[in-house]
Amino acid sequence: MRTMKAARLLAAGAALTALTLLSACDSGSSHHENEAIGSKGPVQPRVDQPQVNVLPGMPPVEDPRDLYSADRPGRLSPVVRDFPSRVYVPNTQSDTVTVIDPKTYKVIDTIPVGHQPQHVVPSWDLKTLWVNNDLGNSLTPIDPSTGRAGKPVAVHDPYNLYFTPDGKYAVVMASMDRQLVFRDAHTMKTVKAVPVSCYGVNHADFSPDGRYFIVSCEFSGEVLKVDTARMAVIEQEKLPFHGAMPQDVKISPDGKLFYIADMMANGLWILDGDKFTKPRFLYTGKGAHGLYVSRDSREMYVSNRGEGTISVFDFTENRLTKKWHLPGGGSPDMGGVSADGTILWLSGRYNSEVYAIDTRTGRELARIRVGRGPHGLAVYPQPGRYSLGHTGIFR
């Protein structure tokens with residue numbers, strides 16, 4: 001969420017309403033709590049699975065039962081295999097990107113970028129990290145092999161950035177312009193600007209076949225369904241909660257459901273993307289914000305920014321199994337999972353810090369001081385064949 005803009009300040013003043021858990025999910029403890037996420041070997045695709053009729057030009061779905069099967073520990077693409085492991089933190093109020101060595105938990109560099117950098121986004125081909133300088137109306141490229149920044153590219157209102165699964169287009173979430181702007185994925189030249197009637201487009205994820213994607217609209221509490229090939233909004237609905245502020249979007253491993261974090265409803269909307277009917281709701285905690293899938297595709301980590309906690313949702317059990325509390329509190333926001341799956345990295349949006357959290361125990365491993373207003377940090381490199389954008393959605 002952009003604290004620097006008046007629209008977000010107005011939205012944040014909406015009255016909170018008590019919610020009743022609408023889904024059949026419940027909470028409890030998990031017998032897997034002490035199991036090492038990073039210790040599991042790659043799951044091999046089953047040859048008897050039907051092929052998915054994907055968007056033309058999109059890589060085939062490796063395993064229809066698990067969209068994240070290419071994200072297992074050790075499955076680094078040859079493109080990124082020799083890149084140094086780093087954590088890149090955009091500081092919205094300092095106009096910098098802090099670079100952290102995850103082995104030592106030390107800050108090793110500070111890169112000046114444009115005005116109000118919001119997210120660090122891996123490109124579809126995995127070769128470039130794009131810093132979204134929102135109020136600077138530019139994208140700063142970073143070469144992840146060297147850590148050096150290149151010449152900024154002029155792009156208007158780049159709050160967030162995604163890539164179509166065929167690798168042809170970048171999709172700029174032009175939040176204040178109220179547009180989804182499809183651009184050439186390499187030159188960033190505009191191909192088509194799609195006006196939207198909602199306010200605050202910000203996060204998204206794609207269907208298993210890549211033919212549509214779901215977009216959250218933060219300021220008006222709505223979600224969109226967008227046809228990828230047609231570059232057109234085909235469905236739209238209002239979330240059933242007064243003052244809803246949807247944030248991160250993530251698809252389930254089996255591709256059947258989309259999970260949408262809502263920082264005012266304090267939990268997750270669970271949406272059938274194909275049917276696009278009224279979603280169910282699951283309470284997780286105050287200020288639910290970021291969503292990250294574990295390396296074995298079993299769990300999803302939900303950052304509850306308003307209470308300094310991380311909820312753990314088990315896809316197989318269809319329920320919350322754990323809640324981790326940051327010592328002394330904090331404001332966990334956006335981030336990613338380490339390449340081996342053992343550490344969850346999150347920015348502390350209002351505390352000028354970054355958290356490293358053990359995914360096996362929930363213990364805080366490090367709290368690192370960075371610039372002001374850290375937001376969409378990227379852990380890089382990560383396993384996967386290609387990137388769909390944001391802070392790292394890999395397939």
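In the predicted model, Val 312 stands opposite Lys 322, a residue of strand 24. Strand 24 pairs with strand 23 (residues 309-314) in the antiparallel sense, and six bridges join the two. Both belong to an open sheet of four strands, ordered 21-22-23-24, with antiparallel pairing. Strand 21 (288-293) and strand 24 (319-325) each have a single partner strand, so one side of each is left without a neighbour in the sheet. From one strand to the next, the twist averages 25 degrees.

Strand 17 (residues 246-251) is mostly covered, with six of its six residues buried. The hairpin formed by strand 17 and strand 18 has six residues between the strands, and in it Gly 255 takes a positive phi near 75 degrees.

The largest nonpolar core contains 58 residues, of which Met 173, Leu 180, Phe 182, Val 201, Phe 213 and Val 215 touch the most other members. Strand 14 (residues 212-217) gives the most to this core, contributing five residues. When neighbours within four places in sequence are left aside, the contacts of Val 201 include Tyr 159, Met 173, Ala 174, Leu 180 and Val 196. Val 201 is also in contact with Val 215, Ser 216, Cys 217 and Leu 224, again leaving aside those sequence neighbours.

Notes
Residues numbered from 1 in each chain as written. Predicted model: local features only at pLDDT ≥ 70, side-chain atom pairs only at ≥ 80, totals over all residues. Heavy atoms only, no water. Pairing = 2+ DSSP bridges. Axes fitted to C-alpha atoms, helices over the stretch in contact; angles between N-to-C directions. Buried < 20%, exposed > 50% of the residue type's maximum accessible area, 1.4 Å probe, protein only. Core = buried A, V, L, I, M, F, W, Y, C linked by side-chain atoms within 4.5 Å. Contact = heavy atoms within 4.5 Å.
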